[in-house]
Amino acid sequence: YQRRVRVLPFLFLPATTMNVWTVLLLSLILSFTIADKANLLVHKSILNPELVQGQDVAVVIKIFNVGTGTAYDISLDDRTWPESLFEASVGLQTAKWSRLPAGGNLTHSFVVKPVAAQVFQGFPASVSYRTGKSNLVTYSSYYSEMTILEKSETQRKESSHLKEWFITLVLMFLSVAVPLSTWGNIQLNQKTTKKH
């Protein structure tokens, strides 16, 4: 068995050697393109279980750098809360940081207050940053549709319900008292008829 080695004329290298050089060259190119690139993930959350008209809503945005490089000139913008439905209460809906190293994270929070009760279409926050020579923009997770409840609706849900409890107890008493009194009358009538 004689092994033939094919020579590629443009490099004057055997094909097996060419495969090794190709892999090394691709690895080198990929290491330059992938190395030291930041990759930001953004998570937007609302701490309130319900959005209620007139009550503060706490919004927390967390930014994670899951890349291998540092992100620079990070700019967060979450001005997605319409002024017709929300008023700014505490904090700003925008923020800036100079850098975020690989594996690091940032947290930003603010408070808005719903002024009208209706269904609201949520939108993601945007984060722009620079990594190497590239300027990138990424978007957060978001709530697609949220319902802002009226204050009276939540007060009804959270009230002590004393009236309902009282009605329930009266009905329970009647459901036991009426058959018990009927049974007692029957027993009393039977005793009086046995005596006569």
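The model is a predicted one. Of the 196 residues in the protein chain, 26% are buried.

**Chain overview**

- Among contacts in the protein chain with a separation of 6 or more, 67% are between residues 24 or more positions apart.

**Aromatic cluster**

- A pair of aromatic rings is characterised by how far apart the centres lie and by the angle of the planes.
- Rings pair if their centres lie within 6.5 Å, and by this rule there are three aromatic pairs.
- One of the pairs joins W81 and F86 in an edge-to-face arrangement, with 5.0 Å from centre to centre and 85° between the planes.
- Both W81 and F86 are buried.
- W81 also pairs with F120: the ring centres are 5.6 Å apart and the planes meet at 20°, so this pair is stacked, given that planes under 30 degrees apart count as stacked.
- The W81 and F120 pair connects distant parts of the chain, 39 residues apart: W81 lies in the loop between β6 (71-77) and β7 (86-90), whereas F120 belongs to strand β10 (residues 119-121).
- The relative accessible area is 6% for W81 and 4% for F120; because buried means under 20%, W81 is buried and F120 is buried.
- Through ring pairs, W81, F86 and F120 are linked into a cluster.

**Three-stranded sheet**

- Strands of a sheet pair through backbone hydrogen bonds, in either a parallel or an antiparallel sense.
- Three strands form an open sheet in the order β4-β13-β10, and the pairing is mixed.
- β10 pairs with strand β13 (residues 145-149) in the antiparallel sense, over three bridges.
- Within this region, V119 is placed opposite T147 in β13.

**Cavity**

- The structure contains one cavity of 30 Å³ or more.
- The volume of the largest cavity is about 50 Å³.
- The lining of the largest cavity consists of K44, T80, W81, F120, G122, F123, Y142, Y143 and M146; W81 and F120, two of these residues, are also members of the aromatic cluster.

- Q93 sits in the loop between β7 and β8 (94-100).
- With a relative accessible area of 16%, Q93 is buried.
- Apart from neighbours within four places in sequence, Q93 contacts L76, D77, D78, R79, T80, W81, A88, F110 and V112.
- D36 is located in the loop between α1 (15-34) and β3 (40-46).
- D36 has a relative accessible area of 57% and is therefore exposed, as exposed means over 50%.
- Neighbours within four places in sequence aside, the contacts of D36 are T68, G69 and T131.
- D36 and G67 are 31 residues apart along the chain, and their C-alpha atoms are separated by 7.5 Å.

Methods:
Residues numbered from 1 in each chain as written. Predicted model: local features only at pLDDT ≥ 70, side-chain atom pairs only at ≥ 80, totals over all residues. Heavy atoms only, no water. Phe/Tyr/Trp six-rings, centres within 6.5 Å; stacked < 30°, edge-to-face > 60°. Buried < 20%, exposed > 50% of the residue type's maximum accessible area, 1.4 Å probe, protein only. Helix = DSSP H or I, 4+ residues; strand = E, 2+ residues; numbered from the N terminus. Pairing = 2+ DSSP bridges. Contact = heavy atoms within 4.5 Å. 1 Å grid on protein atoms, 1.4 Å probe; cavity = no way out; pocket = protein on both sides within 12 Å on 5 of 7 lines; lining within 4 Å. Points joined across faces, edges and corners; volume = space filled by probe spheres on them.
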